[in-house]
Amino acid sequence: MSTYQDYFDNLHYSDQTKQKMKGWLVEHARTTHINSAMDILELKPKAKHHSFAAAAAIVFALLIGTSGVAYATGNLGRALTFIDTVFNGAPAETRVVEHIGRPLDAQVSDAGITVSAEAIIGDRSSYAVIYSLEKDDGTAFDTTTSTAPYLPYVMDNALQTDDVALFARGISGATGESYFFDENPDDNAIQYVEKYNLMSENASASIVGATVNTGFSGLLHEDDQGHMTPIAEGNWNLRFTLDYEDLSHKVPVAGEKFSLSQCEATITDMHISPLSLSFSYVADSPAYFDDEPSGKMSDSMAQESARLLDCGDIVVTMKDGSTIVQKDMGGGTIASDKSTCQKNQFFDSIIDVDEVASITIGGTCFEVSES
Amino acid sequence: MGEIRLHNRASYLVDTYADTILRLSYSYLQSTADAEDITQDILLKLLTAHTEFVSQEHEKAWIIRSTINACKDLLKSARYSRVQALDERLELVDETAEFDTAQFDVLAAVESLPSTYRSSIYLRYYEGYSSKEIATLTRQSVTAVDKQISRGRKILKHQLEGEYA
């Protein structure tokens with residue numbers, strides 16, 4: 001008689017697969033930098049959010065690039081938006097004031113805590129939403145932290161990417177990170193930030209103006225050992241329009257070459273914003289892998305994606321001579337032609353684009369013109 | 001880490017935890033391809049991080065917690081597809097294993113459960129964790145875990161006509 005036990009017993013790696021996995025682990029343990037990828041996977045509030053490209057992002061990106069999945073744009077996109085409105089009601093309005101989106105009435109109270117969507121900042125390929133959390137009894141949150149400036153809190157159901165909003169806008173995937181901080185120690189509110197990096201093969205795809213639904217189900221405190229203690233169990237569901245001014249600044253490029261790990265590439269487009277750097281390029285030699293519509297990433301596909309997407313260290317040089325080094329973990333999108341690549345990188349903190357002098361990728365320096 | 005120690009550690013991690021991560025992540029995702037990616041990510045982090053564990057139970061709890069986080073993160077992707085062909089699931093398992101018809105019935109029934117039910121049932125009936133431990137690992141209340149297990153069992157019982165549940 002079959003049981004749950006049999007079901008799970010039969011789900012295991014073969015000895016051959018285990019041997020391959022051991023070899024893969026040893027090889028990658030020697031060479032890879034994995035911390036950033038796992039930072040995203042764990043969604044913990046980290047003091048550092050360096051180069052963020054997660055392995056998972058590569059998987060999703062390759063799915064899009066090789067399987068020819070249709071985007072939910074046009075009529076389908078409008079239908080999705082309509083269905084979303086029918087089932088969820090009208091979203092809170094957002095006004096853009098001095099580049100920043102300010103959702104109006106996007107606020108909900110439960111379990112003694114009020115959560116408000118306060119501000120949205122973004123560009124064409126990424127955005128960040130800042131929420132405030134305030135105790136209804138007026139008392140303050142414990143802001144003791146060993147990972148300053150980040151607070152040791154975790155939002156349950158963090159980074160719930162809104163499928164309807166994203167697909168309706170032609171966005172095919174997203175990665176993100178989240179953290180808490182205290183904007184003003186003199187008040188009783190703390191702030192929670194969610195940052196999303198969007199992926200799409202469609203250059204005109206944009207999330208600006210989309211309606212997003214966000215739902216949190218609990219607030220937890222994390223101690224230094226990683227133990228979580230529930231602070232409040234509630235349901236904070238917010239619905240608002242993602243309006244903000246696109247702060248992207250186009251970096252002039254003219255088909256310059258730069259070096260990838262094993263080949264050359266030609267830059268085709270680059271944008272920088274206070275939040276992120278995004279750029280597109282065409283690799284001199286295409287990726288060699290077969291279409292794998294199931295989404296499984298074979299070893300050869302992983303190697304080929306790394307060959308095309310790993311740009312090494314990306315250096316942002318400020319006008320005062322200081323530099324910001326972004327470690328590239330190889331995430332990004334490979335288009336269906338298997339040569340055209342797109343990459344988005346969050347900065348660790350908001351930067352002043354007016355103070356950026358140049359960006360160096362793969363040994364080539366790209367000057368940033370005056371905005 | 002020295003070369004021999006690195007090999008030994010990788011071997012230990014794969015032999016001890018690879019199947020656990022596969023089963024747990026598959027119970028969330030129903031995709032062996034994604035489960036394999038998560039297995040590699042989790043084990044690679046464990047291999048290269050300098051995390052100290054006070055016991056093997058502590059190490060295993062860390063792995064389960066990390067796997068759940070990774071699965072939830074993956075599920076949050078707008079691009080994520082939960083549709084997987086049954087034959088793809090079988091690609092990864094031991095080719096020498098024999099499946100009988102009844103196992104396919106169980107498989108179909110378990111896979112029809114919501115992911116939270118599947119993972120709670122896996123942690124309870126396969127890994128042997130208590131409701132309280134599952135609640136800690138999955139950051140839910142004990143009541144919620146008990147409900148998931150109870151409702152999951154009822155669904156399975158109904159689908160399998162009381163034979164297996």
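Biologist: What percentage of the 165 residues of chain B count as buried?

Modeller: In this predicted model, 42% of the 165 residues of chain B count as buried.

Biologist: How many helices and strands does chain B contain?

Modeller: Chain B has eight helices and zero strands, and its pattern along the sequence is α-α-α-α-α-α-α-α. Of the contacts in chain B with a separation of 6 or more, 66% are between residues 24 or more positions apart.

Biologist: Which residues of helix α7 of chain B are buried, and why do they lie on the same side of α7(B)?

Modeller: The general idea is that an α-helix has 3.6 residues a turn, so residues three or four places apart point the same way. In α7 (residues 131-138) of chain B, the buried residues are B:S131, B:I134, B:L137 and B:T138. They lie on the same side of α7(B) because they cover an arc of only 125 degrees around the axis. Their packing partners are α3 (56-75), α6 (115-125) and α8 (142-159) of chain B. Just after α7(B), B:R139 adopts a positive phi of about 55 degrees.

Biologist: In what order do the four strands of the open sheet in chain A stand?

Modeller: In general, strands of a sheet pair through backbone hydrogen bonds, either parallel or antiparallel. Here the order is β19-β18-β22-β23 (chain A), with antiparallel pairing. At the edges stand β19 (323-327) and β23 (364-367) of chain A, each with a single partner strand, so one side of each lacks a neighbour in the sheet. From one strand to the next, the twist averages 20 degrees.

Biologist: How many bridges join β18 to β22 of chain A?

Modeller: Five bridges join β18 (residues 313-318) to β22 (residues 356-361) of chain A. A:V316 stands opposite A:I359 in β22(A).

Terms used
Residues are numbered from 1 along each chain as its sequence is written. Chains are lettered from A and ligands numbered from 1 in the order in which they are written. This is a predicted model: local features need pLDDT of at least 70, side-chain atom pairs count only at pLDDT 80 or more; totals for chains, interfaces and linings use all residues. A residue is buried if 20 or more other C-beta atoms lie within 10 Å of its own, exposed if 12 or fewer, and partly exposed in between; C-beta atoms are placed from the backbone. Helices (H or I, at least four residues) and strands (E, at least two) are DSSP runs, numbered from the N terminus. The arc is that of the directions from the helix axis to the C-beta atoms. Two residues are in contact if their C-beta atoms, placed from the backbone, lie within 7 Å. Two strands pair if DSSP finds at least two bridges between them. Axes are lines fitted to C-alpha atoms, for helices over the stretch in contact, and angles run from 0 to 180 degrees between N-to-C directions.
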